[in-house]
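The sequence and the model are shown below.

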Amino acid sequence: MALAAAGCVKDARAANPAGATTVAVLGDSRTDGCVGHTQSSDCRRQDDGFNQPVLSSLLHLLAVKNPAAVFFTGDLTLGLEKEEEDGKIDPGAHPATGGWARNFEYHAGTFQRMLAAFKTTVKQQIGKIPFHPVVGNHDTAGPDAVALFRRAFSLQHPPGGYREPAHLAYTIQVGGAAFVVLATDYYQSCAERGVATPACNVQEHIISQPQISWLDGQLAKHVGQRLFVLGHEPAFSAGGSKSGLDNNQGARDVFWAILKRRGVTAYLCSHQHELEISQHDGVWQIISGGAGAPLDGGKKGGSGAPAAECTGGVALQPGFAERSFFHYILLNIPGPGPLPGPLPGPGQAPGATLPGPVTGQVRDCNDTLRRTFELTPLAPR
């Protein structure tokens, strides 16, 4: 694993050699909503569903670095609201699913309001820097959620888009690199309104087979460029859990084999509210879920951890200090240059060399440099 600790070193600006492109990556700013509030009505009217102070700060800090684009890997907002009366779904609302079925519900008007507040924060902090969002499970929490998400971010007909309304997937070109955005979560409408079963509501932990085929085609179109794939859920969950695509290991392995065969440098995701950088069979995975959501490993109730720790005042369980903190990532992608053909073997041009590595920085909510790393490239087969 090409990962080097950099210590807590202040750095005013990310290095950007001639011809290189810098992009910023972060994800998961949603809150837990009105959990713990005794007056649901008051909370519901004020809850925007995301950690506005932390997100605003991170976006402001990364905007100073002037990246060519900002990618956000899902769960922008909570996407749900607390029920007015516990155990009773309000008129016009739909039941939540999974762990959020505990007295939460989806209402289109509330989701629109949350997205509008999120967009306002983004615009205020990064201005005209292109912003490219991924849908997460909280962004697909209702039957019309993806349609509202598309409209909010002008993604009704995205470039290189996957032609399936329930799955938001598209391709973005930034400098000499191509970024393919996938949907690891989608909503399957219930046959009968108000009924939530495993066969309907939010579907998680899998990339559909048609979308896999689309992904392979998109990567093939961009052969010769540096390739990145983005989704919300990790392919290999951190900490020994199964929080993501590894809940469907066979489908996950098919997906990962395509990334390797096409020479993808890294898969960028979040869903888990922590940081992990790892390599699997030659392809890198970056889990970066530190944009304001409650951190993994946080002790319930917290104990007043100092703001300098970037944990929102929550103390962490042992082993999480280097993984769980509010942060964003900068990726510095080398400029255009010759990329390799097949791996060494018949047909490879003599003297072909791999391009330089993608370098990265992890910066916390105080803009302290927490870590540097290199993502060595993988030649496509």
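Predicted model: local features only at pLDDT ≥ 70, side-chain atom pairs only at ≥ 80, totals over all residues.

On the helix 3 side, the contact involves Ala108, Phe111, Gln112, Leu115 and Lys119, and on the helix 4 side Ala145, Leu148, Phe149, Arg151 and Ala152.

Helix 2 (residues 52-64) consists of 13 residues and spans 18 Å from its first C-alpha to its last, close to the expected 18 Å. Its buried residues are Val54, Leu55, Ser56, Leu58, Leu59, Leu61, Leu62 and Ala63. Among the elements covering the buried residues of helix 2 are helix 3 (108-126), strand 2 (21-26) and strand 3 (69-72), along with strand 16 (327-333) and strand 17 (358-364). After helix 2 comes Asn66, which has a positive phi, near 55°.

Glu105 lies in strand 6 (residues 104-106). With a relative accessible area of 0%, Glu105 is buried. Leaving aside residues up to four places away in sequence, Glu105 touches Arg44, Leu80, Glu81, Lys82, Glu83, Lys88, Ile89, Asp90, Ala93, His94 and Ala96.

| Side chain | Backbone nitrogen | Distance |
|---|---|---|
| Asn51 (oxygen) | Val54 | within 3.3 Å |
| Glu105 | Asp90 | 3.1 Å |

The Asn51 contact is at the start of helix 2.

Definitions and conventions
Residues numbered from 1 in each chain as written. Heavy atoms only, no water. Helix = DSSP H or I, 4+ residues; strand = E, 2+ residues; numbered from the N terminus. Expected span 1.5 Å × (residues − 1). Buried < 20%, exposed > 50% of the residue type's maximum accessible area, 1.4 Å probe, protein only. Contact = heavy atoms within 4.5 Å. Polar contact = N/O pair within 3.5 Å; in protein donor to acceptor, adjacent residues only side chain to side chain.
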